[in-house]
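Let us take a friendly walk through a protein model, one feature at a time. Have the sequence and the 3D view ready as you read.

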Amino acid sequence: MDSRTYNPRTVEEVFRDFKGRRAALIKALTTDVEDFYNQCDPEKENLCLYGFPSEQWEVNLPAEEVPPELPEPVLGINFARDGMQEKDWLSLVAVHSDAWLLAIAFYFGARFGFDKADRKRLFNMINELPTIFEVVTGAAKKQVKEKSSVSNHSGSKSKSSSKAQRAPESQSRQSKPSQPKEEDEELEEQDDDEHGETLCGACGEHYGTDEFWICCDICEKWFHGKCVKITPARAEHIKQYKCPSCSNKRARP
């Protein structure tokens, strides 16, 4: 079967196609990077980096047919090669490769009539994988470390154990130094009830017991960590957290 004309028709098939192409592009930009670099000669015409479901990659001219059978990768990657540092050039190619992979996946989804639920499931499956950019720049490794840190915290998400996980009400922050054990447990239960009714200041969704939240010290609104790109590990080092909205406001005299 020609990997270029293969048309996956189910969510699982499209995801398999995505993974094969992704693996090929990562190979070109990492393990085969020297060969890839040499093939991207700036003296040649517009070149593209293709990844196929068979996990093979190819540097070639764009498809001649207009419009093409599938979405095409970005043109002219070879022209920028010598005008910037190699790592920056590879990062640029990686970003465009990520965009191309998503374009192909959602092209198949549209062509074969994926409904809202199918599209969401496909994106969620894709989103579980690091992007090519994250792999090429090393950001994926950092995320793995952060995830392990999050999993270590997930078993003990007491609201009093972390500044980022305090109860929304200011009164709960000013608890007495020493309280009987029963009172502590009572406050813990009340805290969970209050949190259950709290809405994220970014997405408007409710609090979930298995989700990491952080409170803005200025407006005292609560946010999902993922919505404001704060992890538990990062929160440990934040003395005073300002949400994006408060950060953008001018400081009062």
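Is Glu 220 buried, partly exposed or exposed? At 36% relative accessibility, Glu 220 counts as partly exposed; here buried means under 20% relative accessible area, exposed means over 50%, and partly exposed lies in between, using a 1.4 Å probe and protein chains only.

## Before we start

This is a predicted model, in which local features need pLDDT of at least 70 and side-chain atom pairs count only at pLDDT 80 or more, while totals for chains, interfaces and linings use all residues. Residues are numbered from 1 along each chain as its sequence is written, and side-chain values use heavy atoms, with hydrogens and water left out.

Lys 229 sits in the loop between β4 and α9 and is exposed, with a relative accessible area of 71%.

Now look at Pro 67, where the peptide bond coming from Val 66 is cis, with omega near -5°. Pro 67 belongs to the loop between β2 (57–60) and α3 (86–111). For background, most residues other than glycine have a negative phi, and most peptide bonds are trans.

## The annotated transmembrane region

An unreviewed UniProt entry carries the annotation "transmembrane region" for residues 89–110. UniProt positions are given in the numbering used here, feature names are shortened, and annotations may be inferred rather than shown by experiment. In the model, the span 89–110 is 100% helix and 0% strand, and its end C-alpha atoms lie 32 Å apart.

## Salt bridges

Side chains of opposite charge can pair when their charged atoms come close. The structure holds 5 salt bridges, each being a side-chain nitrogen of Lys or Arg within 4 Å of a carboxyl oxygen of Asp or Glu. One of them joins Arg 81 and Asp 82, at 2.9 Å from N to O; Arg 81 is buried, with a relative accessible area of 12%. Another links Glu 211 and Lys 226, at 3.7 Å from N to O. Glu 211 lies in the loop between α8 (181–196) and β3 (213–215) and Lys 226 in the loop between β4 (222–224) and α9 (232–235), so this pair ties together parts that are 15 residues apart in sequence. Glu 211 is partly exposed at 23%, whereas Lys 226 is exposed at 65%.

Within it, the closest N and O atoms of Asp 118 and Arg 121 are 3.9 Å apart. Both residues lie in helix α4 (residues 116–127), 3 residues apart, about one turn of the helix. Asp 118 is partly exposed at 23%, and Arg 121 is partly exposed at 36%.

A disulfide is a covalent bond between the sulfur atoms of two cysteines. How many does the structure hold? The count is 0, with a disulfide taken as a pair of cysteine sulfur atoms within 2.5 Å. For Cys 216, the nearest cysteine sulfur is that of Cys 219, 3.6 Å away. For Cys 243, the nearest is that of Cys 246, also at 3.6 Å. Cys 216 is buried at 0% relative accessible area, and Cys 243 is buried at 2%.

## Aromatic rings

The structure holds 9 aromatic pairs. Rings of Phe, Tyr and Trp (its six-membered ring) pair if their centres lie within 6.5 Å; planes under 30 degrees apart count as stacked, over 60 as edge-to-face and the rest as tilted. Phe 15 and Phe 18 are stacked, at 6.5 Å centre to centre and 10° between the planes. They both lie in helix α1 (residues 11–29), 3 residues apart. Phe 15 is buried at 13%, and Phe 18 is buried at 7%.

Tyr 50 and Phe 52 have ring centres 6.4 Å apart and planes at 5°, so this pair is stacked too. Both Tyr 50 and Phe 52 are buried. Finally, find Phe 36, Tyr 37, Trp 57 and Trp 89, which form one aromatic cluster.

Methods. Helix = DSSP H or I, 4+ residues; strand = E, 2+ residues; numbered from the N terminus.
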